[in-house]
Amino acid sequence: MPYAATRTSPQQRSRITTTNGKAASVCPGHPEVPGEVARHHEHTVAAGQCCSVLSQTIAAPVDAVWSLVRRFDQPQEYKSFIRSCRLVDGDGATVGSVRELTVQSGLPAYSSRDRLEVLDDELRVISFRILGGEHRLTNYRSVTTVHEAAASPDGAPPLAVVVESYVVDIPPGNTAQETCVFTNTIVRANLENLARTVRRRLAMAVPHQNH
């Protein structure tokens, strides 16, 4: 199999109290998230919001996967729902950089303006927040981490694990479950296409041998 099926972990929530005294929830770390990056996947979830986490195992070196995931300025390289990306502030590698996306036709969206929140090449963490645009993902914040899978038997190909979590507002008239199903579908498709794109690039990089 070129990659493992994407798994969605159940949301694990506990009640907290925010600084304004209102109750909120927190999505803590999840089992597939390594301890060194777990804090990045801990989302505070206010009333009217939901969160989820998905993971994808890819038969590829972790650096090959991260080289695609880290490109805030080129998400269309593996996110098939994005038609084009234009930086409007920053260089795409500095926190605070802002991009404008045009979405493929046929989706209930047209554009998005995103801000880069975290880019850590050492821990392989990238996070962005949606600032505005024409879409359903209001107050969306996403965190993606890439790390090596557990050691495999000698001779087995290297495995990378991509974990993506998010928190987003629940649109009026929708439930938390409906919102997560919609958002998970997009995230899952992106992760699966990431796996295909990485493997295709690795295959193209292998020099052809004459027989």
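**Ground rules**

I number residues from 1 along each chain as its sequence is written, and my side-chain values use heavy atoms, with hydrogens and water left out. Since the model is predicted, local features need pLDDT of at least 70 and side-chain atom pairs count only at pLDDT 80 or more, while totals for chains, interfaces and linings use all residues.

**Entry 1: strand 11**

I started with strand 11, which covers residues 160-169. Helices (H or I, at least four residues) and strands (E, at least two) are DSSP runs, numbered from the N terminus. How many residues of strand 11 are buried? I found 10 of the 10 buried, so the strand is largely enclosed by the rest of the structure. For me, buried means under 20% relative accessible area, exposed means over 50%, and partly exposed is in between (1.4 Å probe, protein chains only).

A reminder to myself: in a regular strand the side chains alternate between the two faces of the sheet. On one side of strand 11 I listed Ala160, Val162, Glu164, Tyr166 and Val168, and on the other Val161, Val163, Ser165, Val167 and Asp169. Every one of these is buried, and both faces are covered.

Next I looked up the partners. Two strands pair if DSSP finds at least two bridges between them. Strand 5 (residues 49-58) pairs with strand 11 in the antiparallel sense over 10 bridges, and Gln49 stands opposite Asp169 there. Strand 10 (residues 141-148) also pairs with strand 11 in the antiparallel sense, over eight bridges. Val146 has Val162 of strand 11 as its bridge partner.

**Entry 2: Thr145**

Staying with strand 10, I picked Thr145. Is Thr145 buried or exposed? It is buried, because its relative accessible area is 1%. Its side chain makes a polar contact with the side chain of His41 at 3.0 Å. A polar contact is a pair of N or O atoms within 3.5 Å; within protein, one must be able to donate a hydrogen and the other to accept it, and residues adjacent in sequence count only if both atoms are side-chain atoms.

I then checked contacts, meaning heavy atoms within 4.5 Å. Leaving aside neighbours within four places in sequence, Thr145 touches Val37, His41, Arg124, Val125, Val161, Val162 and Val163.

**Entry 3: two loop residues with positive phi**

Arg124, from that contact list, sits in the loop between strand 8 (111-120) and strand 9 (125-134). Its phi is near 60°, a positive value in a residue other than glycine. Asn139 is in the loop between strand 9 and strand 10, and its phi is near 55°, again positive in a residue other than glycine. I noted Asn139 as partly exposed, at 44% relative accessibility.

Thr197 belongs to helix 2 (residues 176-205) and is buried at 3% relative accessible area. The side chain of Thr197 reaches the backbone oxygen of Asn193 at 2.8 Å. Beyond its neighbours within four places in sequence, Thr197 is in contact with Leu68, Glu77 and Tyr78.

Glu77 turned up again, in a salt bridge with Arg201 (2.5 Å, N to O). Glu77 lies in the loop between helix 1 and strand 6 and Arg201 in helix 2, so the pair ties together parts that are 124 residues apart in sequence. A salt bridge is a side-chain nitrogen of Lys or Arg within 4 Å of a carboxyl oxygen of Asp or Glu. Glu77 is partly exposed at 32%, and Arg201 is partly exposed at 41%.

**Entry 4: other salt bridges**

How many salt bridges does the whole structure hold? My search gave nine. One of them joins Asp121 and Arg70, with the closest N and O atoms 2.7 Å apart. This pair links distant parts of the chain, 51 residues apart: Asp121 is in the loop between strand 8 and strand 9, and Arg70 in the loop between helix 1 (62-69) and strand 6 (82-89). Another pairs Glu117 with Arg115, at 2.6 Å between the closest N and O atoms.

**Entry 5: cysteines**

Last, I searched the whole structure for disulfides and found zero. Cys180 is in no disulfide; the nearest cysteine sulfur, that of Cys50, is 3.4 Å away, whereas a disulfide needs two cysteine sulfur atoms within 2.5 Å. Cys180 counts as buried, at 7% relative accessibility.
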